[in-house]
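Please work through the exercises below with the sequence and the model side by side.

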Amino acid sequence: MTASREHILNKLRKQSIPETELPDLQQPELTQQWITYPDPSQQFSDLLASIKGLCLQVKNVEEVNQRLAELPVYQKSNNICSLIPDCGQPTVNVNDITDPHDFKDIDFAILPGEFCVAENGATWITNDGGPLRTLYFLSQHVALLVPASEVVPHMHAAYEKLRFENRSFGTFMAGPSKTADIEQSLVIGAHGARSLTVFLVEEPF
Amino acid sequence: MPSHPKLADEFIKDKERAKWHDQSLWFVRSKRDKAVHQLPEWELLREQASKIKSYVVSHLPDLLEEFEKNAKAKGVHVHWARDAKEHNEIVHSILEKHQVKRVVKSKSMLTEECHLNPYLERHGIEIVDTDLGEWIVQLQDKPPSHIVMPAIHIKKEEIGELFHEKLGTEKGASDPQYLTESARQRLRQKFIEADAGITGVNFAIAETGGFVVCTNEGNADLGTSLNKLHIACMGIEKLIPRASDLSVFLRLLARSATGQPITTYSSHFHGPAPDSELHIVLLDNGRSEIADSDEFRRSLNCIRCGACMNTCPVYRRSGGYSYSNTVPGPIGSILGAAHDTKANSSLPFACSLCASCTDVCPVKIDLHHQLLTWRKEIRLKGLLPLSKRLSMKMMSWMMQAPRLYQFVGKMARKIVPYLPRFLVYNPFNAWGKQRELPDMPKQSFREWMKQNHDRK
């Protein structure tokens, strides 16, 4: 196997390919042209709606609880878990679970999100890749709580916030799981969450 | 291997289906246009993407070593494979070491290129494609016909029939919602039972040693978070230098592919999860040869969005299988010809040189120029079929004799309008298949010139 490594690298090194420059993505000529929005939170909210998610702008966790209680999918959920203190009415304590297979019956998961991107409706979520990561994908329905101040206009601003120095897992989640693999008909709820609600919360939680 | 025209003939026999296929893909192309127009800086983004990718190809060995070093530092096992055979052997040996019997795989054109599924099945390992479209074609025992929408060529009634037979869904049911739900239930079991997950790689980052996998269904995430072994398979050209380059590529990818602002899940893997193993297999399989070619190097810029096939008038009307190459359409014709020129010598001719592919390509590959260049190469290599060689010879002979050319033109204008249809529209006139010849003009351009200009 090391032989193949040397073989490939040697082959590539022997080539004389004209060198080209790597563009500086921070140069003002570029950054000044990236799209901006007068109200990024509203833009995020509209965009998320267009990709079949739901954004609710709220004051605090108390208001999250009120709005959750109004959600039909939440009302119908039996197995609920929450990683946000005092948020939702969890029926399952997931913190002690070490095998992600035990999450297979979770109906509704209330989870933290780091920040949102206005241009595409995505929310960045991250963790160490341990069992709790599975909750974002295996739960039937997902709600994310994100500080209202954490909405960036576009992906360039998003990557300014991201560091990958340590072992980690992270994903941009943009709306519920979906597919259009059968005759281009959009179906929500392919493998992952059947619904995604993002709460932009003003007060710290 | 049967030529493109021959296989396309099969597809267009069913006129209704060919039309439906054309319209389905045009619908996706239109969605792409709508999404692109939301971003005033689109052209600027394309330019940056193209520059970044060109940089990658000109610095590939350094970037590969940088990636390997940083990935290893995060606890990732890095493997190198020269060709498909070695790739499959590496994947199999990892699975064997972990005594894996059941694997779930998210969409990866690279593993299609290597024919990994049949290889693993021969070794007694169950491998399930979890992307819905890919699973549908797997149940049919067929390859994907499109790189982003593998089952775009199949009608919902046929999927209903297939699911009825394989999954026991209701007979005659063809509602996409119902069929997708049945697939969800069945594949959830597969995710839960699996001992390992295989994914492709959309982008690997030299600077951080991590990589990104994009899906709409969440299947890559479910497939890798429920078990303790993740194998990611990537072509060496999938590298990008810096994490910040992702800002450019993730803005371009989904908009170009399906018209979405971003895929539902764009997952960044940096190191294995606790108590788990993460392996990455770097595959060459002819890519280094393409890198060495001045004419075709830029085809390595490809981020596999499928925009070129969605817009291609030939792909839309001939179907993905007519290319008999893992990647069909304009980019597939270039890569296919590079991989095995003889077997794929008809592919660069499956092109009207309309340049629409070049216009939509998010990384600015000069697709139609490369296809034209391939035609020249194929002629030089003596791989042109006799019909093309003969007709070219005759044309060249006639064009070099002005009087003969004038005479033939005159005769054609006089005679053709009076010929019975079977003499004009017969197997020797490939142009007249499925379309009418234009009416013969009353006079030639030369005659018109004489009348209107020479007098002045």
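The exercises that follow concern the interface of two chains.

This is a predicted model, in which local features need pLDDT of at least 70 and side-chain atom pairs count only at pLDDT 80 or more, while totals for chains, interfaces and linings use all residues. Residues are numbered from 1 along each chain as its sequence is written, chains are lettered from A and ligands numbered from 1 in the order written, and side-chain values use heavy atoms, with hydrogens and water left out.

**Exercise 1.** Describe the extent of the interface between chain B and chain A.

Solution. Start with contacts (heavy atoms within 4.5 Å): 100 residues of chain B touch 74 residues of chain A. Next, take the buried area (accessible area, 1.4 Å probe, that two parts lose on being put together, summed over both), which is about 7,500 Å², with carbon and sulfur atoms giving 59%.

**Exercise 2.** Find how many salt bridges cross the interface of chain B and chain A.

Solution. Apply the rule (a side-chain nitrogen of Lys or Arg within 4 Å of a carboxyl oxygen of Asp or Glu), and eight salt bridges are found. One of them joins B:Glu289 to A:Lys11, whose closest N and O atoms are 2.4 Å apart.

**Exercise 3.** Determine in which sense strand 8 of chain A and strand 9 of chain B pair.

Solution. Locate the strands (DSSP runs of E, at least two residues, numbered from the N terminus) at residues 168-173 of chain A and 265-270 of chain B. They pair (at least two DSSP bridges) in the antiparallel sense over six bridges, and A:Gly170 stands opposite B:His268.

Conventions: Helices (H or I, at least four residues) and strands (E, at least two) are DSSP runs, numbered from the N terminus.
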